[in-house]
Structure formats: C-alpha cells, structure tokens
Amino acid sequence: MSTEVRNTDGVAGPTAHGGEPHHAGGLAGRLNWLRAGVLGANDGIVSVAGIVVGVAGATPARGPIFTAGLAGLVAGAVSMALGEYVSVSSQRDSERALLDKERAELRDMPQVELAELAAIYEAKGLRPETARQVAIELTEHDALAAHAEAELKVDPENLASPGHAALASAVAFVAGALLPLLAILLPPPALRLPVTVAGVLVALGLAGAVSARIGGSSPRRAVARVVLGGAVGLALTWGIGHLFGTAVS
C-alpha cells in the first residue's frame, strides 16, 4: 500500500512502496558506479599484490618491494583512469550523436515520431488509443526526453561524465592497491608473505561478496572464485619472482 507526501507545490502524491525509489534509472546508475568501484578496487588488490609478492619472492629487501609496489600502484591507477575516460567519452559521444539525430527527427517529422512513440507504448501492452494519448502528453511535456527514454534508453540530463568515471576508477584502484602494499611493508620480514596473503585473500573475499550482492548472485560462489583465483595468482607470482630472482642474481 502506498503512502502520500506533499511535493513542493503542496500536492499530495504517492511515495515509493516500502522506501523503494521510483527513479529506477538513477538507482541503476548508482549500482553501476558501485559495481565499477568494487571491480576497480579488486583490480588494485590483485595487480599490486602480484607485483609485491613476486618481488618479495626474489628479495627480502624492503626498498625494491616498495619501489615496485608504488610503481605498480601509480601505473595501474593511471591506466584505469585513462581506460575509463576513453570508454566513457566514447559512450557519451555516441549518446550525444543519437540525441542530436532525435532532435532533428522531432523537428523535421514530428508526426512520424509521435506515431513511433505511440507504437512503442502499444507494444508494451497499452491499447492503441491509450498509447497514442500517452505519447501525445509526453511529447507535449518534453518530446526529446520522452523519445530518448523510450527509444534510446538515455537520459539527456544525466549523461555519463568521463572525468568523474576516470577519477572514481583511479580512486578505487588506489584504495585496493594500498592494502597489499602496506601489508607487505609494515610487518617484519618473516611475517610479510603470510600477512600479505591473508590480507589479500580476505579483501578479495569481501570484494567478491559485495559484487555478488550488487549483482544478485550467490555470494558463496563469487567469494570462492575470487579467493581461489587470487590464491593461484599470488602463488604463481611468488614462484616466478623466487625462480627468476635467484637465477638472475
């Protein structure tokens, strides 16, 4: 059962059921950002952990481990930010091109576009006369927004920001990368490897659980996959560092 609240004009209107938000598009966007943040942190954990564990397999000296880990952190953050910036910029350019095309069609053939919008709502289950009335009213309110949402699945007022995406990706990566870097530098030499491995696997398990919860999948399977994969990766990088470090020295 829905409740009512007063909006800014003093008119009563329904609220979300049980606190459920009505703006599904905004919620989906926030979930996508959260998922991207979790994946970015996961990348930071895995990549920098592999670097520092590999170097630790070659030498117990703290200096080389710190240098390699810091270089991996910076390079990874820059790479993530640039990749995200390019990707989101391409997406934004495509969305803008589609919106420009839609504006031109609305200007040059409004009746055709109106019929097209009505057909979309009719295909969703509305009666023809109801679908046409909905299309007319939405077009009168904001024709571009109505067509962008129904045809393109794009919100003209909420296009993705390449700068924000790049910053969020870099910050998430750094946040994840700091854990293995600190875990291998702070303990005494004898405890560096076990502390780092334990910390990394716990962090990966948490990241897997959060990612699974966001996606609505089984946390147990997600945690098992990411922890097993992380353990195998750490073992391989340590073995490579130990083998080649000894051979080169």
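## A buried charge

Glu 95 is part of helix 2; helices (H or I, at least four residues) and strands (E, at least two) are DSSP runs, numbered from the N terminus. The model is predicted: local features need pLDDT of at least 70, side-chain atom pairs count only at pLDDT 80 or more, and totals for chains, interfaces and linings use all residues. Residues are numbered from 1 along each chain as its sequence is written, and side-chain values use heavy atoms, with hydrogens and water left out.

Glu 95 is buried but has no salt bridge. Buried means under 20% relative accessible area, exposed over 50%, and partly exposed in between (1.4 Å probe, protein chains only). A salt bridge is a side-chain nitrogen of Lys or Arg within 4 Å of a carboxyl oxygen of Asp or Glu. The nearest side chain of opposite charge to Glu 95 is Arg 92, 6.5 Å away; Lys and Arg count as positive and Asp and Glu as negative, while His and the chain ends are not counted. Leaving aside neighbours within four places in sequence, Glu 95 is in contact (heavy atoms within 4.5 Å) with Val 154, Leu 159 and Ala 160.

## Overall layout

The protein has seven helices and two strands. Read from the N terminus, the order of elements is β-β-α-α-α-α-α-α-α. Of the 249 residues, 31% are buried. Among contacts between residues at least 6 apart in sequence, 66% join residues at least 24 apart.

## Nonpolar cores

A nonpolar core is a set of buried Ala, Val, Leu, Ile, Met, Phe, Trp, Tyr and Cys residues joined through side-chain atoms within 4.5 Å. The largest one has 22 residues, and those with the most contacts inside it are Val 48, Val 52, Ile 65, Leu 181 and Val 200. Two or more residues each come from helix 1 (24-58), helix 2 (62-108), helix 5 (162-185), helix 6 (189-215) and helix 7 (219-248). Helix 5 gives the largest share, seven residues.

Which residues does Ile 65 contact, leaving aside its neighbours within four places in sequence? They are Val 52, Val 55, Ala 56, Thr 59, Pro 60, Ile 184, Leu 185 and Arg 192. A second, separate core has eight residues, among them Leu 114, Leu 117, Ala 118 and Tyr 121.

## Salt bridges

Side chains of opposite charge can pair when their charged atoms come close. The whole structure holds three salt bridges. Asp 100 pairs with Arg 103, the closest N and O atoms being 2.8 Å apart. Both residues lie in helix 2, three residues apart, about one turn of the helix. Asp 100 is partly exposed because its relative accessibility is 46%, and Arg 103 is partly exposed at 40%.

Arg 107 forms a salt bridge with Asp 108, with the closest N and O atoms 3.2 Å apart. Arg 107 is exposed at 60%, and Asp 108 is exposed at 55%. In the salt bridge of Arg 127 with Glu 129, the closest N and O atoms are 3.9 Å apart. Arg 127 is exposed at 56%, whereas Glu 129, at 49%, is partly exposed.

## The surface

The protein exposes about 14,900 Å², and carbon and sulfur atoms supply 65% of that area. Accessible areas come from the Shrake-Rupley method with a 1.4 Å probe; for residues, only the protein chains shown count as cover.

Leu 228, Val 232, Leu 236, Ile 240, Leu 243 and Phe 244 form a nonpolar surface patch with about 620 Å² of accessible area together. Patches are made of residues with over 30% relative accessible area and no salt bridge: like charges are joined within 9 Å, nonpolar side chains (Val, Leu, Ile, Met, Phe, Trp, Tyr) within 5 Å. Leu 236 lies in helix 7 and counts as exposed because its relative accessibility is 54%.
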